[in-house]
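Subject: Structure for your review

Dear colleague,

Please find the structure below, followed by a short account of what was found in it. I would be grateful if you read the account with the structure open beside you.

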Amino acid sequence: MVEVVIQRYTREAGVRNLERNLAALARAAAVRVAEQEQTVPLSKDMHRLASPLLENRLSEGAEVEMEIIPMNESNHEIISNTFSIASPLVVDEPMLEKVLGPPQFDDREAAERVATPGISVGLVWTAFGGEVQFVEATSMAGKGELHLTGQLGDVIKESAQIALTWVRARATDLKLAAADESNLLEGRDVHIHFPAGATPKDGPSAGVTLVTALVSLFSQKRVRADTAMTGEMTLRGLVLPVGGIKDKILAAHRYGIKRVILPERNLKDLAEVPAAVLGSLEILLAKRMEDVLEQAFEDGWLWKQHSKL
């Protein structure tokens, strides 16, 4: 049940909320044990211990606690007034929901949120540890402008501009547009949003995630929901290393992600990640943006297929 509490009720870098939830369960369990505990009077006839009540409770695994009064000095007899019966308490999922409420997190969240084209899953580092960050892109009629929302810093805004420029420059090679229609923004705008708008976001490590979301949008192909990524990208399509790899991988593992795309030059940082976590993930290394796209989509070499929005 501890693992269920971690997966469904906590999603943080530390263990403060986990401690609170376990403490709440412990208090609830203590109350239930006290309520279930029964006290049965005893007579001097010890054969009464074989009463049907006691036999039934013992067969269920109950524990019997005897209350012993010191020996009487006059007749040296041991006098036992009562015994109590306490049944073992099993913490199951119905008890979790009754004490902690409905689950706050679901392993199917990523699959539900990446159900349409234009959405990719990134990994970011915060002061509280690694986090999973979704990137959403959509297009509408307009004048070829880029709109960004989500309380973003200057660096991440520049990454978005670089990502769009790279996709537009490679539109023909990626089979996102015909040779005579290479301008992807002709008559339309692109809007990129980083959910959790109340949380400030900045840094270059969303570069590959932004490109993947844009390619998904223009090709109308969905990104794999079990895959998250991180990495800075240059204007020429090189994938550069980023920091916070250990925290990011732990966040992916905590979220239920199965595949993680990392810059090839971050390979050395995997030594800091616990072996048990690495064993549950497929780590994919990328040197260029094409490597990222090959791993991010079910169809692999996406640019070999022709698709137009």
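**The annotated active site**

In its unreviewed entry, UniProt assigns the feature "active site" to Ser205 and Lys248. Although these positions are spread over 44 residues of sequence, they cluster in space, with a largest C-alpha distance of 10.9 Å. Both Ser205 and Lys248 belong to the lining of the largest pocket. Please keep in mind throughout that this is a predicted model.

Where does Ser205 sit in the chain? Ser205 is in the loop that runs between strand S7 (188–193) and helix H7 (207–219). Its relative accessible area is 13%, and a residue counts as buried under 20%, so Ser205 is buried. Not counting residues up to four places away in sequence, Ser205 touches Leu123, Thr230, Gly231, Glu232, Val242 and Lys248.

Lys248, in turn, is part of helix H8 (residues 245–255). Its relative accessibility is 1%, so Lys248 also counts as buried.

**A pair of packed helices**

Two packed helices are described by the angle between their axes and the distance between the axes. Helix H2 (residues 16–36) packs with helix H4 (residues 93–100) at an angle of about 105 degrees, and their axes are 10 Å apart. Because angles of 65 to 115 degrees count as roughly perpendicular, H2 is described as roughly perpendicular to H4.

On the H2 side, the residues that meet H4 are Asn21, Ala24, Leu25, Ala28, Ala29 and Arg32. Their partners in H4 are Met95, Leu96, Lys98, Val99 and Leu100. Sorted by class, this contact has 8 nonpolar, 1 polar and 2 charged residues.

**Two residues with positive phi**

Gln151 is not a glycine, yet its phi is positive, at about 55 degrees. Gln151 is placed in the loop between strand S6 (146–149) and helix H6 (154–169).

The loop between H7 and strand S8 (227–229) holds Gln220. At 39% relative accessibility, Gln220 counts as partly exposed.

Yours sincerely,
A colleague

Conventions. Residues numbered from 1 in each chain as written. Predicted model: local features only at pLDDT ≥ 70, side-chain atom pairs only at ≥ 80, totals over all residues. Heavy atoms only, no water. UniProt positions renumbered as here; feature names shortened; annotations may be inferred. 1 Å grid on protein atoms, 1.4 Å probe; cavity = no way out; pocket = protein on both sides within 12 Å on 5 of 7 lines; lining within 4 Å. Helix = DSSP H or I, 4+ residues; strand = E, 2+ residues; numbered from the N terminus. Buried < 20%, exposed > 50% of the residue type's maximum accessible area, 1.4 Å probe, protein only. Contact = heavy atoms within 4.5 Å. Axes fitted to C-alpha atoms, helices over the stretch in contact; angles between N-to-C directions. Parallel < 35°, antiparallel > 145°, perpendicular 65-115°, else oblique. Nonpolar A, V, L, I, M, F, W, Y, C, P; charged D, E, K, R; others polar.
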